[in-house]
Each structure stands twice: as C-alpha cells, then as structure tokens.
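Reader: Hi! Could you walk me through the salt bridges here?
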Amino acid sequence: MRTDFDTNTSSIELALQQWIPKIPAVVVATENLSDDSRLQSILNNAEAHRQAGFVFLYRNLLSQPRSSPKVQTSAKQALQTCLRVVIFSGPMAALVWPLFTAACEAVEDNDRNVARTVFRHLETRQGMNNIVTAWEVCEEIWRRSDAGQGEVEWRDVAQEMGREVIFG
C-alpha cells in the first residue's frame, strides 16, 4: 500500500513538473495580440494553479513541514504568479485556491505582503465574502504559526473560527 502511495505521489509530482502552461497555437492565431496582457494573465493563472498543486502535494500528501524548501519555493512562485495576474488585470475568478494555498504557507514578510496585495486586489475586484474569509483564515494561520503553534492546518483554523473557506 505504501509503495502504491509513493508511486502515485511521485507520478503526480512528475506530471506537475512536466506540465508547462501555454496558450495553444490555435488561440494565439485567433487572438488579438494587442491583448497580450490578457493572455499573460491566463498563463500566470495556470502557473499559479500548478505551483499551488506542488504546495498541496508537499504539505498535504507528503506531509512536509511549512519550512521545507520545496514548500517555500512553490509557495513563493505561486504568490508571484498570482501577483502577475493582478498586474496584468486579467481574470481573477479562479485565483482564490492557488492564492490561499500558497499564502497559508508563507513565512517571510515579503511573501505575506505579496499575498496581502493580491487578496486586497481580488477582494476589491470580485467583492465576494469568500475572499475575505480566506484572507482572515490565512492571517490567523500566520498569527498562530508566528506564535510557535507549529504546523497549523487551515481546516482546523477555519473550523475554530466558525468559518468555511469556499474556493469557487
């Protein structure tokens, strides 16, 4: 059973490593290239999901600590790609999951500030309560983590706060 688990998680990691988001040639041929910022935003959104996939894999399936270089590298990259979606003013409706997944693991002030910036823009643009809830849960995770409470799990924090994080 453990061998199957190891094989499956290795396969997932390899698939994530090999998948590079790109705009299909047929879309590039039919899109107005003057709208390159929209395409860049879509690519960055896809990359944010890919990097958040790594974070989820390392933290939730492989039980690596928040401080793990793999977790931190993927979280930083996910946050930076979320920020680029904001910079390119592209579609943000699908950004809550990768942003939240990466932000919950952020340990450095710079990464947390990027997360705050993206949450603020996302909330302003979308104006939905689920974004505020995700942000509040994330900040509580940071507070607990900074207070030395160890590996804080977002589901536990949300439940203790009486909140439900909705990603869609």
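Reader: Which residue does E151 meet in a salt bridge at 3.9 Å, N to O?

Author: That partner is R66. A salt bridge here is a side-chain nitrogen of Lys or Arg within 4 Å of a carboxyl oxygen of Asp or Glu. This is a predicted model, where local features need pLDDT of at least 70, side-chain atom pairs count only at pLDDT 80 or more, and totals for chains, interfaces and linings use all residues. Residues are numbered from 1 along each chain as its sequence is written, and side-chain values use heavy atoms, leaving out hydrogens and water.

Reader: Where do E151 and R66 lie?

Author: E151 is in the loop between α7 and α8, while R66 is in the loop between α3 and α4 (69–87), so the pair ties together parts 85 residues apart in sequence. Helices are DSSP runs (H or I, at least four residues), numbered from the N terminus.

Reader: Is R66 buried or exposed?

Author: R66 is buried, at 4% relative accessibility. Buried means under 20% relative accessible area, exposed over 50%, and partly exposed in between (1.4 Å probe, protein chains only). E151 is partly exposed at 45%.

Reader: And what about E151 and R59, how far apart are their closest N and O atoms?

Author: They are 2.6 Å apart, in another salt bridge. R59 sits in helix α3 (residues 36–61), 92 residues from E151, and R59 is buried at 14% relative accessible area.

Reader: Nice! Which residues are linked in the network?

Author: R59, R66, E105 and E151 are linked by salt bridges.

Reader: How many salt bridges are there in the whole structure?

Author: The search finds 15. One of them joins R144 and E140 at 2.8 Å, both in helix α7 and four residues apart, about one turn of the helix.

Key:
Helix = DSSP H or I, 4+ residues; strand = E, 2+ residues; numbered from the N terminus.
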